Amino acid sequence: MLKLENITKTYQDKTVVDNLSIEVQAGEILAIVGESGSGKTTFLNIISGNITPDTGKLYLNNQLIDLYFNRLIKDLPNIKLVPQDYRLKPDYKIWENIDLVLTAYTQEYRQKRVKELMELCGIYEIRDKKPREVSGGEKQRAAIARAIAEEPLALLMDEPFSNLDSINRTHLRTKMVEIVRKEKIACVLVTHDLLDAFLVADKIGIMQKGKLLKIDTPQNIFAEKENEYIKFFVESATETVRNFTSRYKL
Ligand SMILES: Nc1ncnc2c1ncn2[C@@H]1O[C@H](COP(=O)(O)OP(=O)(O)OP(=O)(O)O)[C@@H](O)[C@H]1O
């Protein structure tokens, strides 16, 4: 279980992340949705240990993790971030990219784990290709396989769908749910696209100007009655589908 309490980050006089608290259970996906500049990436980087917050606490399975000590290596163990640009090593094959993070383990375990991860993430067929020879969706799934190789408790994803075409998007959404459930990881993803969040998340947090306005189930966010900003956000996300159905009277 991943839990953050009262996280705040201010740059000069601008509060970019304003007193955020979240809780994500193992095997659950929380999608944080907000417009560009709302503070999503900063929040994700605080959770991964890459940015030190001004205040707030992080717990993993009820254990307090120190976010404040001066570290040489910024990444927190047990929390892995899949960056937007994947950062796969271009000169290594897909399987080697995953194998590289397992050098501390025995050869026998590495082989078994790499195969298992490639099968789970649906990239076994492309294991001998280099990153430039595969699609964006395949690169994304390879980056997920690499991130979860050492069985982290939490997986963070920055705009996982934004570089993908609609077929790859659909495939990734299905795979992500399968991976998170099977590996029992607490997953936080950030996206500006509420439709993706509706389709993949167990809970959605709507972020505006550094604040989380509401965290609730996709059904309740969709049916929001009170907050004008959330209503507007839901309207704009579903507008294309409504226009299409009304055009053809479906
Ligand atoms: N190092 C920094 N110094 C000063 N301001 C910063 C810094 N990093 C981010 N900001 C500001 O914080 C705000 C939130 O940025 P952030 O990248 O977290 O938003 P975002 O919601 O992820 O946006 P996007 O979807 O465009 O990536 C922005 O106004 C940005 O200019």
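Let me start with the open sheet of four strands, whose order is β2-β1-β4-β5 and whose pairing is antiparallel; two strands are said to pair here if DSSP finds at least two bridges between them, and the helices (H or I, at least four residues) and strands (E, at least two) are DSSP runs numbered from the N terminus. At the edges stand β2 (14-24) and β5 (63-65), each with a single partner strand, so one side of each is left without a neighbour in the sheet. From one strand to the next the twist averages 25°, and for angles of this kind the axes are lines fitted to C-alpha atoms, for helices over the stretch in contact, with values running from 0 to 180 degrees between N-to-C directions. Strand β4 (residues 55-60) runs antiparallel to β5 and is joined to it by three bridges, and within this part of the sheet Leu 58 stands opposite Ile 65 in β5.

Before I go on, please keep in mind that this is a predicted model, in which local features need pLDDT of at least 70 and side-chain atom pairs count only at pLDDT 80 or more, while totals for chains, interfaces and linings use all residues. Residues are numbered from 1 along each chain as its sequence is written.

Now to the other sheet. Six strands form an open sheet in the order β6-β7-β8-β3-β9-β10, and here the pairing is mixed. The edges are taken by β6 and β10, each of which has a single partner strand, so one side of each is left without a neighbour in the sheet. The twist in this sheet averages 20° from one strand to the next.

Walking across from β6, we find four bridges joining β6 to β7, and the two run parallel; Leu 81 has Leu 156 as its bridge partner in β7. Strand β7 (residues 154-158) is in turn joined by five bridges to strand β8 (residues 186-191), again running parallel, with Leu 156 partnered by Val 188 in β8 and Asp 158 standing opposite Val 190. Five bridges also join strand β3 (residues 29-34) to β8, in parallel; there Leu 30 stands opposite Val 188, and Ala 31 opposite Leu 189. Beyond that, β3 and β9 run parallel with five bridges between them, and Val 33 has Ile 206 as its bridge partner in β9.

How enclosed is β3? Six of its six residues are buried, so β3 is largely enclosed by the rest of the structure; a residue counts as buried if 20 or more other C-beta atoms, placed from the backbone, lie within 10 Å of its own, as exposed if 12 or fewer do, and as partly exposed in between. In a regular strand the side chains alternate between the two faces of the sheet. In β3, Ile 29, Ala 31 and Val 33 point one way and Leu 30, Ile 32 and Gly 34 the other, and all are buried. Strand β8 is mostly covered too, with six of its six residues buried: Ala 186, Val 188 and Val 190 point one way, and Cys 187, Leu 189 and Thr 191 the other way. The crossing of α4 and α5 is right-handed, meaning that the near helix is turned clockwise from the far one by less than a right angle, with anticlockwise being left-handed.

Next, the ligand. Which residues are around the ligand? They are Tyr 11, Val 16, Gly 34, Ser 36, Gly 37, Ser 38, Gly 39, Lys 40, Thr 41, Thr 42 and His 192, where a residue is near a molecule if its C-beta atom, placed from the backbone, lies within 6 Å of it. Helix α1 (residues 40-48) gives the most to this shell, with three residues.

Finally, a word on the backbone. Most residues other than glycine have a negative phi. Arg 87, although not a glycine, has a positive phi of about 55°; it sits in the loop between β6 (79-82) and α2 (94-99) and is partly exposed, with 14 other C-beta atoms within 10 Å. Lys 209, also not a glycine, has a positive phi of about 45°, and is found in the loop between β9 (203-208) and β10 (211-216), where Lys 209 counts as partly exposed with 15 C-beta neighbours inside 10 Å.
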